[in-house]
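Try each task before reading its solution.

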Amino acid sequence: MQTETDRTDEQKNDETNVLLEAGYNYVEGTPQPQPICRPAFTLIELRNAIPPHCFERSMVKSFGYLLRDVVTIISLLCCSFIIFEHQSVPFCFTAIAYPVYWFVQGSFLFGVWVLAHECGHGAFSESDCVNDIVGLIVHSALLTPYHSWKITHRKHHSNTSSCENDLAFVPFTEQEISQSPWSHHLLNDSPLFNLVKAIYFLLLGWPAYLGINASGPSKYRNRPNSHFNPNAEFFSSTNRRSVILSDIGFVLALAAIGYCVYIFNFFLVWRLYIVPYLVMNGYLVLITLLHHTDTYVPHFRSREWSWLRGSLSTIDRSYGTFLDTVLHHITDTHVCHHIFSKMPFYHCVEATEAIKPILGNYYLRDETPILVALWRAITHCIYVQNDGQVVFYKKSLTNK
C-alpha cells in the first residue's frame, strides 16, 4: 500500500515532468516556479481575506501623495538650477551632483507616473472624471498618451501572460526567433551584445512600445499598432476621441518643452528635465519587464490560460525601502495590484500580507538583486517553444 510520503514524491515527480515538458530549466538563484496545476482557491476567497478598508479609495490621500511628489520635483529642479548652474560652482562638483540629481529626480518622476497609472485603473479616487483629468495632465507632462495607454494597459491586465492576447512582454516563439538575424548563438552569448540590448531596452523600449507596440502580440504586427493612431487595431471606434485627446496632450507637452528650450537653452533643459525623464523611462521599462519576465514565470496558451492564472504570473520585487516608497510600492506589491487593480497603492502592502497565506506557492517574490535579475532576463528569456499550452522562456536555439 502506497504511503502518504510515496504519493507526495510521486506528485513531485509528475510536477517535474510537466515542468520539463513546458520547457522549464532551473537557473541558479531563481525561485521555484508556481505549481503547474490550476489554483484551488478563488478570487472571492482572496478578496474575503483582505480587510474591507483596503478597497477604499481616498481622493484626499491620493492628492496628498501627488502634491508631495510634485513639490519634491519642483524643489529638486529649483535647487539644482540655483546651485549647480551658478558660475562659481566647480565642474568637479557638478560632475558628481548632477548624476545624483538625475537619479533622484527620475525616481520621483516615475513615482508621479505611477500615480497617473493609478488614475488609469480608477484607484486614484472614486470619481472617473477626477481620475481622467489628473491622469491626462500628469501623463501628458511625462510624454505618455494617457487614454491610449489606459486602454491598452487594461487589456494587458485582462490578458496577462497570454501568448495570444497580452498587450506587453509577449514572448517570441522558437519559430519567430529562428527567423531573426539577431538570433545567432554567438550574438546571444556575447556579453557586449547583451549589454547593448539592455541599454536599448532601457532607453528605447518605452517609445518603441508606444510607437509600434513592440513586445506586443503577433496578431497586431504589420497592422496599425501605434498608441498615437486612433485607428490602431487595439482601439475600438468608441476610443478614437479619447486617443485624439491624448495625442493633443502629448503635443502640448512637447510644445512646452520646446518653448523652454527656446527661452533658456537646450543643454539646460537637457540637464534639468530630459535626462531625469530618460531615467524615468528606464524605470518604466525595467520595472515592467521584471514584473513579467523571468525563467520561472509561466506563459499560457488558449486552453490553459485563465484570468486568475495570468494575474498570478507576475513577480513582486523590492528595490529597497527608499525606492519602494518613492515608487508607491508598484514594485513590491505587483501581484496584489494585478489581482485587485482598483485597490489604491497605499493599501497594497497590507493586502499582500493578507493574501500570501492563501496564495502559498503561487505567490512569486524574487530577492535577486535588480541588475542581476535584469541581466538574467536579457540573457535567458529569449523565446518559448512553438507548441504546448504552458510554456517557459528558453535561453537560445542551441541550448534548449
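**Exercise 1.** Work out how helix α9 and helix α16 are oriented to each other, and which residues make their contact.

*Solution.* Keep in mind that this is a predicted model. Begin with the geometry: α9 and α16 (residues 370–380) pack at an angle of about 110°, and their axes are 10 Å apart. Angles from 65 to 115 degrees count as roughly perpendicular, therefore α9 and α16 are roughly perpendicular to each other. Next, list the contact. From α9 come Pro 191, Asn 194, Leu 195, Lys 197, Ala 198, Phe 201 and Leu 202, while α16 supplies Leu 374, Trp 375, Ile 378 and Thr 379. Finally, sort them by class: eight are nonpolar, two polar and one charged.

**Exercise 2.** Repeat the analysis for α9 and helix α11.

*Solution.* Helix α9 spans residues 191–212 and helix α11 residues 266–292; they pack at about 85°, with axes 8 Å apart. That angle makes α9 roughly perpendicular to α11. On the α9 side, the residues are Phe 201, Leu 202, Leu 203, Gly 205, Trp 206 and Pro 207, and they meet Tyr 277, Asn 281, Gly 282, Leu 284, Val 285 and Leu 286 of α11. Sorting this contact gives nine nonpolar, three polar and no charged residues.

**Exercise 3.** Find which element gives the most to the nonpolar surface patch.

*Solution.* First collect the members: Leu 192, Leu 195, Val 196, Ile 199, Tyr 200, Phe 201, Leu 203, Leu 204 and Trp 375, together exposing about 830 Å² of accessible area. Then assign them to elements; Val 196, for example, lies in helix α9. The answer is α9, with eight residues.

Terms used. Residues numbered from 1 in each chain as written. Predicted model: local features only at pLDDT ≥ 70, side-chain atom pairs only at ≥ 80, totals over all residues. Heavy atoms only, no water. Axes fitted to C-alpha atoms, helices over the stretch in contact; angles between N-to-C directions. Helix = DSSP H or I, 4+ residues; strand = E, 2+ residues; numbered from the N terminus. Parallel < 35°, antiparallel > 145°, perpendicular 65-115°, else oblique. Contact = heavy atoms within 4.5 Å. Nonpolar A, V, L, I, M, F, W, Y, C, P; charged D, E, K, R; others polar. Patch = residues over 30% accessible without salt bridge, like charges linked within 9 Å, V, L, I, M, F, W, Y side chains within 5 Å. Areas by Shrake-Rupley, 256 points an atom, 1.4 Å probe, with all protein chains shown as cover. Salt bridge = Lys/Arg side-chain N within 4 Å of Asp/Glu carboxyl O.
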